[in-house]
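I opened my notebook to jot down what I looked up in this structure. Here is the model I worked from.

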Amino acid sequence: MNLHTTPHNSRAPRTTRRLAALAATAAMVVAGVQAGTAVATPDDDARTTSAKPATAAALGVNPSAQRATAIKSAQAEASSAAKALKLGGQEKLIARDVIKDAQGTVHTRYERTYDGLPVLGGDLVTHTTAAGKIKSVDKATDAKIAVASTTPKLKAAASARKVIYAGGENPVLAWETVKKGVQKDGTPSRVHTITDATTGKKLHSYEAIETGTGNSQYSGEVEITTTKSDAGFQLTDGERGGHKTYDLNQGSSGTGDLVTDDDDTWGDGTGGDRQTAAVDAHYGAAKTWDFYKTALGRDGIAGDGKAAYSRVHYGENYVNAFWDDSCFCMTYGDGEGNKAALTSIDVAAHEMTHGLTSATANLDYAGESGGLNEATSDILGASVEFFADNASDAGDYLIGEKIDINGDGTPLRYMDKPSKDGNSADFWDENLGNLDVHHSSGVANHFFYLLAEGSGKKTINGVEYDSATSDGSTLTGIGREKAYQIWYKALSVYMTSTTDYAGARVATEKAATDLFGADSEELKAVSATWTGVNVK
């Protein structure tokens, strides 16, 4: 299928939007969801509808132009906040984000230092009235931050960073090392290891490169934004923070080459044309940006109006995609035979949301917090695909159903019953944190589906679902829009780096209270749904 472009004269002179026809089908193996359209949904009378969905302002709009000033102001008051929280004299707070919601509450996210050392697991969020009085605080740890000495007894590699590790029962002086390498499937690896600086005991480790699953099911003609240059056109989106898409030319480092074209007609819709993958990645990034802006009131991944960038054609036969904080970028492989690029909207939404999580709660990518991190990318990824309203692929709660990884037409994951994939958990239990984060995410994915759509059998956009609860209770959904608003509010102002499933319940209950009220049906639904997945 050839790609056809049509200019829209309403755009700025050096920025043009174009229509690009994408391929019909290609395979992938990363963690995401199908690009889809928000069409048929269950009847309203099958849902809890005590209030309309909240506006973006209620979630806490903080325009990028005001964000820097708000953070600077919060930093100026950081010492006062530390005193109000009764932190020790050697502790300092570093303001990382500020959000003011519709109720006038100011939510300030801080990192913490002790005697000048970063405190891993020491982050906290204060919730302050418009008059400046702290109403409450959410901390990654309730432990007192103090160590006997900041002089380590054991030496470490020259590249190691001295830190205070507060992720255990008692804070300890530690070394943090980062080992770079390559994972078995070709994904870059950046493993952080925390070691007790006194005993040498390994305290914690996690992989900083965050991966996921999606698909290369392309969706007919889509709009992309390009920029005219002296030599032609380039994949730079001047309307969305300057997002750029690069071709790595099968390399695995750097940015490669900015994708350009002579006549603003991009690709041919097949894996044989290098531009096709770039067009799809560029489009997916744009749709995710638009969702953040329109549905969440968020100005880009970090809320600062600045775009990440995309890299396509990574490695040889690389069947994955990933987010990397160190470059603030999404990277996509070309799949088997370098002909099935993993660059669809759902992949972009999933990977970009890892960046959003890093910029907000910064959920540790291990244990239960890692499962919540991964689920957040699936939850908002699914929400983006419905938002995209792509007529060629209706939205659903199946993950990877078009790629046929299993060879029998079944999806990679099921949000209505995660255990159907053979690995993911439907309900919480004490061993959940031992699962791979892509599988412990099942409980949160199940929660989101049940909260949005309710339990029992139903058909949505032609797909049949049958979702059960752990206690046999019957749940009525509140609708997808309310569900993702509650999740985002919880992520952005209540969750911290160490939030586990019990903490996620508390955070979403607080978010539902903020958005819909302490006596709302929405709050009751959130509580009942967590109980329904055995998070009590």
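**Entry 1: the whole chain**

I started with contacts (heavy atoms within 4.5 Å). Among contacts in the protein chain between residues at least 6 apart in sequence, 63% join residues at least 24 apart. I noted that this is a predicted model, where local features need pLDDT of at least 70 and side-chain atom pairs count only at pLDDT 80 or more, while totals for chains, interfaces and linings use all residues. Residues are numbered from 1 along each chain as its sequence is written, and side-chain values use heavy atoms, with hydrogens and water left out.

Next I looked up helices (H or I, at least four residues) and strands (E, at least two), which are DSSP runs numbered from the N terminus. The protein chain has 11 helices and 24 strands. I also checked burial: buried means under 20% relative accessible area, exposed over 50%, and partly exposed in between (1.4 Å probe, protein chains only). Of the chain's 536 residues, 58% count as buried.

**Entry 2: salt bridges**

Side chains of opposite charge can pair when their charged atoms come close. My cut-off for a salt bridge was a side-chain nitrogen of Lys or Arg within 4 Å of a carboxyl oxygen of Asp or Glu. How many did the search of the whole structure find? It found 18 salt bridges.

I picked out Glu91 and Arg112, whose side chains meet at 2.8 Å, N to O. Glu91 sits in strand S2 (residues 91-100) and Arg112 in strand S3 (residues 106-114), 21 residues apart. Both Glu91 and Arg112 are buried.

Arg96 and Glu111 form another salt bridge, at 2.9 Å, N to O. That pair also links S2 with S3, 15 residues apart. Glu111 is partly exposed, because its relative accessible area is 24%.

Then I went to Arg190 and Asp324, a salt bridge of 2.9 Å, N to O. Arg190 lies in strand S9 (residues 188-196) and Asp324 in strand S19 (residues 321-324), so the pair ties together parts 134 residues apart in sequence. Are these two buried or exposed? Both Arg190 and Asp324 are buried.

**Entry 3: a network and a cavity**

Salt bridges that share partners join Asp237, Glu239, Arg240 and Asp290 into one network. I found Asp290 in helix H4 (residues 274-296). Asp290 counts as buried because its relative accessibility is 19%. Leaving out residues up to four places away in sequence, Asp290 touches Arg240, Ala295 and Phe387.

I then looked for cavities: on a 1 Å grid over the protein atoms alone, a cavity is a set of points where a 1.4 Å probe fits but cannot get out, a pocket is an open set with protein on both sides within 12 Å along at least five of seven lines, and lining residues have an atom within 4 Å of a point. Grid points are joined across faces, edges and corners, and a volume is the space filled by probe spheres set on the points. The whole structure has 3 cavities of 30 Å³ or more. The second largest cavity holds about 70 Å³ of space. Its lining includes Asp237 and Arg240, and H4 gives the most to that lining, with 4 residues.

**Entry 4: the largest pocket**

The largest pocket holds about 920 Å³ of space. Its lining has 37 residues, and Leu120, Tyr206, Asn362, Asp364 and Ser497 lie nearest its centre. Which element gives the largest share of the lining? Strand S10 (202-207) does, with 4 residues.
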